[in-house]
Amino acid sequence: MTSNTHTSRFIRRHRSAAAVALAAATALLAGCSSSSSDTSDDPLKGEKASGDTVVVGSNNFAESILLADIYGEALKAKGIKVTYKPNIGSRETTYGLLKNGSISVLPEYNGALLAYLDSKATPKTIEETTAGIEAKLDSKLTLLEPAKAQDKDSVTLNAATAKKYNLTDKSSIADLKGIAKDLVIGGSPEFQTRHQGLEGLKSVYGVEFKSFKALDAGGPLTQAALKKDTVQAADIFTTDPTISKEKFVVLQDTENLFGFANVQPLVYKGSLSQEGTDALNAVSAKLDTAALLDLDTQVQLENKDPLDVAKAWLKSAGLD
């Protein structure tokens, strides 16, 4: 796992959002308005939370806002007073606000957070990822339990290719070993040369593709090429709503070539009661990648209010 990989991951997320401006803007506005009754006017103001209030922050993309709403509403269900600071900005900003106590809780991604804290870390398990974070994390912060839900790079097939070779979302990247020679794979230019790309697919899985097509970084060009069968496989994020819309098939990364990107609450110490901690850990226990993909689809493609989506999921999971 490299810092470049995770830097690329968030750059790619923002590029993708720009390409679907209307949907993303709607989602972001909805995220801000959904919590407007209990949101500070200025998320960067830097005032510390009062002792009886938990401040849930989010980074400036739709999935983070959605996750923050899930966390906040899960806490409210336990009678905990919550305010929101949504759509703040990048990790460089939110990490600082956490350290000074301006926000209490932030949805994070374990692998990306570790890469931010230690660019040389190469964990092989989720446990090693957590241990690596804890070794570098500011002493005023703590991690809660990671969710099964991951938003990370993948090898994804279009529906026609998956059907042709009888592959499903239960199939592994390793299942491409005998057929990849007939397939074109697409992705960002760096995907061709990095370990978490073609090099690793060959060395870890023994998979070599017919050719590589340089596209954008998981954005509309890659999605369109996969849909049109210009490429049969591509690097798509595992919670990209295009997956469900186009019935793409994400193959299992059984060897964790693409590292870890589990959703995990990052918390300012002392800001949560044990009941609050238990509530967020219960969210992590229920939230998997399939569920997060469905929730992202509702927000980013169907333009539903993230707060409404969060509440509905919590109810369905028995956490309201």
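The model is predicted: local features require pLDDT of at least 70, side-chain atom pairs count only at pLDDT 80 or more, and totals for chains, interfaces and linings use all residues. Residues are numbered from 1 along each chain as its sequence is written, and side-chain values use heavy atoms, with hydrogens and water left out.

**Overall fold**

The protein chain contains 13 helices and 10 strands. Helices (H or I, at least four residues) and strands (E, at least two) are DSSP runs, numbered from the N terminus. Of the 320 residues in the protein chain, 56% are buried. Buried means under 20% relative accessible area, exposed over 50%, and partly exposed in between, with a 1.4 Å probe and protein chains only. A contact means heavy atoms within 4.5 Å. Among contacts between residues at least 6 apart in sequence, 79% join residues at least 24 apart. The chain exposes about 13,600 Å², and carbon and sulfur atoms supply 50% of it; accessible areas come from the Shrake-Rupley method with a 1.4 Å probe.

**Nonpolar cores**

A nonpolar core is a set of buried Ala, Val, Leu, Ile, Met, Phe, Trp, Tyr and Cys residues joined through side-chain atoms within 4.5 Å. The largest such core has 37 residues, and those with the most contacts inside it are Val 56, Ile 70, Leu 75, Leu 287 and Trp 313. Elements that give two or more residues to this core include strand 1 (53–57), helix 3 (62–76) and helix 13 (306–316). Helix 3 provides the largest share, seven residues.

Because 14 of its 15 residues are buried, helix 3 is largely enclosed by the rest of the structure. At 1.5 Å a residue, the 15 residues of helix 3 should span 21 Å, and this agrees with its end C-alpha atoms, which are 21 Å apart. The expected span of a helix is 1.5 Å times one less than its number of residues.

Leaving aside neighbours within four places in sequence, Ile 70 is in contact with Val 283, Leu 295, Ala 310, Trp 313 and Leu 314.

**Gly 276**

Gly 276 is placed in helix 11 (residues 274–286) and counts as buried because its relative accessibility is 0%. Leaving aside neighbours within four places in sequence, Gly 276 is in contact with Leu 75 and Ile 80. Gly 276 and Leu 75 are 201 residues apart in sequence, while their C-alpha atoms are 5.8 Å apart in space.

**Aromatic pairs**

A search of the whole structure finds four aromatic pairs. Rings of Phe, Tyr and Trp (its six-membered ring) pair if their centres lie within 6.5 Å; planes under 30 degrees apart count as stacked, over 60 as edge-to-face and the rest as tilted. Two of the pairs are set out here.

| Pair | Centres apart | Angle of planes | Class |
|---|---|---|---|
| Tyr 95 and Tyr 116 | 5.6 Å | 70 degrees | edge-to-face |
| Phe 191 and Phe 212 | 6.5 Å | 20 degrees | stacked |

Tyr 95 lies in helix 4 (residues 91–99) and Tyr 116 in helix 5 (residues 110–117), so their pair ties together parts that are 21 residues apart in sequence. Tyr 95 counts as buried at 7% relative accessibility, whereas Tyr 116 counts as partly exposed at 33% relative accessibility.

Both Phe 191 and Phe 212 are buried. Ring pairs link Phe 191, Phe 212 and Phe 258 into a cluster.
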